[in-house]
Amino acid sequence: MTSPWSEGQVASVAPDAGSLAAAAKLSGAWSQTGGNGDALWGQCQGSGKSPYRSVVDLTGPEYHCSCPSRKFPCKHALGLLLIWSQGRVPEQSEPPEFANDWLSRRAGRATAVRTAAAPVTTASGAKTAERRAERVAAGLDELDLWLTDQIRSGLGAADISASAFDAIAARMVDAQAPGVASTLRRLPIVVATRADWPDRLLREYARLHLLVVAHRRLSELPEPLQASVRSHVGYPVATDSVRGEPGVRDRWMVLGMQTTEEKRLFTRKVWLLGRDHGRRAILLDFTHGSAHFSTVIPPLGSLVDATLHFYPGAAPLRAQFGDTHETPEPFTTVAPSDIDTALDDFAAAVGADPWIRSWPALLTGVTPAYDDGSWFVVDGQGRALPLSGEDPVLWRLLGMSGGSPVTVFGEWTSDSLVPVSVFDRGDVYPLVSGTPSTAGSRR
């Protein structure tokens with residue numbers, strides 16, 4: 001049981017003097033308050049129709065409120081603490097449903113935090129990892145409340161402006177969940193560019209909610225899925241730990257390559273396909289200031305006998321380049337791969353990791369086509385898959401094919417194929433910008 005705080009103790013947790021002054025003005029706005037020694041709860045009437053619901057877990061302390069404030073604790077949580085310090089919060093054995101739901105999640109989160117904390121060898125490292133996991137868990141709880149508010153109010157009434165998404169994304173950055181922040185910052189583009197944005201937005205909200213729930217129950221998940229959840233949230237993975245994963249040796253075909261730049265951060269993405277075992281891989285490298293990457297990768301169209309080390313996950317795709325066993329050489333053929341195979345591969349990946357948004361796809365013997373503003377690739381049986389991407393890329397693909405069947409490599413997104421390169425007459429030709437000029441032809 002926790003004794004009531006003094007007003008000085010309440011002041012010590014206030015984010016600033018203004019918040020504390022605002023909290024004091026709420027003295028007469030409270031209803032349905034209660035406490036059981038470990039937690040406080042109550043409803044505070046604001047300017048809106050519905051009162052704000054505040055809960056304080058005194059064992060943390062940790063704070064929760066349905067208001068949109070980004071200050072922690074907000075003025076409502078501070079106001080609840082103030083009236084508690086004045087002896088105005090009655091003792092109750094059972095919290096109401098809104099408080100009990102959050103407190104139950106808090107209790108379950110303790111186990112998830114221990115599981116989410118990356119294994120380390122020092123006491124200080126373990127403490128740092130646990131603090132990060134706690135911040136992530138608290139941030140994801142806020143995200144879930146935000147998602148609930150979005151659905152409750154309806155998309156027609158919700159704020160779907162770029163600034164609104166940026167605000168919640170900034171909170172996820174504060175909570176050290178950069179993967180979630182990146183997802184949120186992509187949503188304004190969906191709203192602005194797609195006629196079916198309500199369906200797309202709801203789909204992304206459902207993915208985010210599923211990620212929050214999975215993080216809360218992390219200890220109950222199989223280890224590969226735990227790794228996927230951490231990855232999508234944005235937990236860092238040490239390079240040395242990936243090198244410690246079992247190596248996968250194959251003759252890897254370099255089927256796609258692209259370098260992009262944003263705010264002087266250069267990202268190189270390389271797509272590989274194992275010739276012997278058919279496994280797919282993506283290599284990601286980053287550098288700041290210039291496009292000079294430390295890892296040397298064979299050029300597009302090369303076949304290299306090498307060992308890759310995959311990042312852990314339920315559907316592992318990202319890898320690190322390991323030892324090279326022979327000198328790279330060009331390849332001139334690829335194994336047949338049809339539409340059914342590509343869709344089955346994607347379905348298996350999503351079945352293992354439901355947050356995957358794309359998967360590498362190789363389609364042989366397909367013909368690019370353009371009809372009334374829409375792009376497709378059509379196979380020999382007349383079946384078609386939609387294409388998407390920048391217009392220059394799609395027109396380049398059509399021009400390279402000359403109306404004849406070619407082999408197209410790209411990423412299937414469940415809605416369309418985004419082409420990356422085309423394989424024709426023994427050569428791989430890049431379609432996307434940012435591919436080194438040495439790629440795409442045999443020597």
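Which side chain meets that of Asp276 in a salt bridge? In this predicted model, the partner is Arg251, with an N to O distance of 2.7 Å; a salt bridge denotes a side-chain nitrogen of Lys or Arg within 4 Å of a carboxyl oxygen of Asp or Glu. Local features of the predicted model require pLDDT of at least 70 and side-chain atom pairs count only at pLDDT 80 or more, whereas totals for chains, interfaces and linings use all residues. Residues are numbered from 1 along each chain as its sequence is written, and side-chain values use heavy atoms, with hydrogens and water left out.

The protein chain contains 12 helices and 16 strands, defined as DSSP runs numbered from the N terminus (helices H or I, at least four residues; strands E, at least two). Of its 443 residues, 46% count as buried (under 20% relative accessible area; exposed, over 50%; partly exposed, in between; 1.4 Å probe, protein chains only).

The search of the whole structure finds 21 salt bridges. In the pair described above, Asp276 occupies the loop between strand 6 (265–274) and strand 7 (280–288), while Arg251 belongs to strand 5 (residues 247–262), 25 residues apart. Asp276 is partly exposed at 43% relative accessible area, as is Arg251 at 35%.

A further salt bridge joins Glu411 and Lys269 (3.3 Å, N to O). Glu411 lies in strand 14 (residues 406–412) and Lys269 in strand 6, so this pair ties together parts 142 residues apart in sequence. Glu411 is buried, at 11% relative accessibility, whereas Lys269 is partly exposed, at 23%.

Asp424 and Arg425 also form a salt bridge, their closest N and O atoms being 2.5 Å apart. Here Asp424 is buried at 16% relative accessibility, and Arg425 is exposed at 71%.
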